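I will go through the overall build, then the helices, then the aromatic rings.

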Amino acid sequence: MNTANNKRKRQSIEKIEKVFIELLQTKELSEIHVSDICKQAQLNRTTFYANYTDVYDLADSIRDKLENDLLYLYHEERTSGFNSNDYLKLFRHIRENQLFYRTYFKLGYDNNYKILVYDTELAKKHFQNRFIDYHIEFFKSGLTKIIKMWLQNECQESPEEMFEIIKSEYQGREIFFQSPTDH
């Protein structure tokens, strides 16, 4: 495929994603139709179907992009095996990509999301290897709710202030956050 076609394809995908994310801010996923996206993006349906099977496939693609962005953000830590517990990096990424995160959560991906992974080895040490599944759920749910509240408030607090909130909740303990895909 030549460069002009690749560029055109990328531009079409960007238009589709942009329109889809805009529509999701006012509609539920089930209310969005391919024809709505194509009309607003000024593209043919064949262009849409050349890239996605349906709106759910498009939603999954958006999720994958965000998760891959986050993986890249923590790439150095993942490759070195070092867990810095750097929430500041996470909060900065969220603030810079608010619309994507709002979309991510609106699509309900927070029920089985990959943007946070719990450091089970550290938890086993702190909690004497007891009730780890409960601690994992408590941690993920709490952090998810804080992120959602922050997004709902249009990220008024700085990433540094959000990091301080998290640190204050875990005073006296190392934080259990690991970069994505570390297990």
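**Notebook: first look**

I read along the sequence and noted the pattern α-α-α-α-α-α-α-β-α-α-α-β, where helices (H or I, at least four residues) and strands (E, at least two) are DSSP runs numbered from the N terminus. That gives ten helices and two strands for the protein.

I remind myself that this is a predicted model, in which local features need pLDDT of at least 70 and side-chain atom pairs count only at pLDDT 80 or more, while totals for chains, interfaces and linings use all residues. Residues are numbered from 1 along each chain as its sequence is written, and side-chain values use heavy atoms, with hydrogens and water left out.

**Overall**

I looked up burial and found that 42% of the 183 residues are buried (buried means under 20% relative accessible area, exposed over 50%, partly exposed in between, with a 1.4 Å probe and protein chains only). I then took the contacts (heavy atoms within 4.5 Å) and noted that, of those with a separation of 6 or more, 67% are between residues 24 or more positions apart.

**Helix H9**

I checked the length of helix H9, residues 132–152: its 21 residues should span 30 Å at 1.5 Å a residue, and the end C-alpha atoms are 30 Å apart, which agrees (the expected span is 1.5 Å times one less than the number of residues). I listed its buried residues as Ile132, Ile136, Phe139, Leu143, Thr144, Ile147, Trp150 and Leu151. Seen down the axis of H9, these fall within an arc of 125 degrees, so they line one face of the helix (the arc is that of the directions from the helix axis to the C-beta atoms). On the face turned away from that buried side I found the exposed residues Tyr134, Phe138, Lys145 and Gln152. Just after H9, Glu154 takes a positive phi of about 60 degrees.

**Aromatic rings**

I counted six aromatic pairs, taking rings of Phe, Tyr and Trp (its six-membered ring) as paired if their centres lie within 6.5 Å, with planes under 30 degrees apart stacked, over 60 edge-to-face and the rest tilted. One of them is the edge-to-face pair of Phe91 and Trp150, at 5.4 Å centre to centre and 85 degrees between the planes. This pair links distant parts of the chain, since Phe91 sits in helix H6 (residues 87–96) and Trp150 in helix H9, 59 residues apart.
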